[in-house]
Amino acid sequence: LPSDGSETVITKKETCSEHIKELWPALFREPNKRTSLNSSLIPLPYPYVVPGGRFREIYYWDSYFTARGLAVDGHEDMVVAMVRNFAWLISTIGHIPNGNRVYYLSRSQPPFFTPMVSLVEELLGEEMVQQFIPEIEKEYAFWMDKTGTPNRRCLRLETGQFLNRYWDDNPTPREESWIEDVELAEKFPESDHEAI
């Protein structure tokens, strides 16, 4: 349901493209003013798009592909709003977490911020993207921690090259998948639980 609580009625369409065009408004959400103290949602300052009807949050790399579809269907304003939300997350948190939930703060998804900014450039021109250069550089620094130690997102290979990899700074079960992670870890010796 849209954030205003109204219901969106989707009628059967002849083509998938027509269906998607009609579905967009059901996935649009208004900026979050404030969440309750018991909420894990990180409020976003600009409108955004959720990946499906039951979600109240964004997801990082899903948003890039969503933005591509929004651009095709003429929703440039929403593409820009999504990029502004990501820039705000980078400025505020230091990176873009998996989604805008506090339990995602220790991890990110493959970095798509720069391609999203490039999409804005395609749609609106080069002048628009200059404002996002500091956040592009900050996200690059987040991913390119070149310490070469095996505990970050950038690992130095024996050849001297760097390889980015998925990494979670929190070596405990994920809050959103606690039971599954605990059950998986129990299949291994306790000494391996943190690594798992």
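Helices (H or I, at least four residues) and strands (E, at least two) are taken here as DSSP runs, numbered from the N terminus. On that basis the chain of this predicted model holds seven helices and four strands, which follow one another from the N terminus as α-β-β-α-α-α-α-α-β-β-α. Residues are numbered from 1 along each chain as its sequence is written, and side-chain values use heavy atoms, with hydrogens and water left out. Because the model is predicted, local features need pLDDT of at least 70 and side-chain atom pairs count only at pLDDT 80 or more, whereas totals for chains, interfaces and linings use all residues.

**Overall dimensions and burial**

- Taken along the principal axes, the C-alpha atoms of the chain fill a box of roughly 55 × 40 × 35 Å.
- Of the 196 residues in the chain, 37% are buried, where buried means under 20% relative accessible area with a 1.4 Å probe and protein chains only.
- Among contacts (heavy atoms within 4.5 Å) with a separation of 6 or more, 52% are between residues 24 or more positions apart.

- Apart from its neighbours within four places in sequence, L70 is in contact with W24, F28, V49, H75, M78, V79 and M82.

**Packing of α2 against α3**

- The axes of α2 and α3, which are lines fitted to C-alpha atoms over the stretch in contact, come within 8 Å and cross at roughly 160 degrees, on a scale that runs from 0 to 180 degrees between N-to-C directions.
- The two helices α2 and α3 are therefore roughly antiparallel to each other, a term for angles over 145 degrees.
- Y60, S63, T66, A67, L70 and A71 of α2 meet E76, M78, V79, M82 and F86 of α3.

**Packing of α3 against α4**

- The axes of α3 and α4 come within 10 Å and cross at roughly 145 degrees.
- E76, V79, V80, M82, V83, F86, A87 and I90 of α3 make this contact with F113, M116, V117, L119, V120, L123 and L124 of α4.

Note on methods: Angles under 35 degrees count as roughly parallel, over 145 as roughly antiparallel, 65 to 115 as roughly perpendicular and the rest as oblique. Buried means under 20% relative accessible area, exposed over 50%, partly exposed in between (1.4 Å probe, protein chains only).
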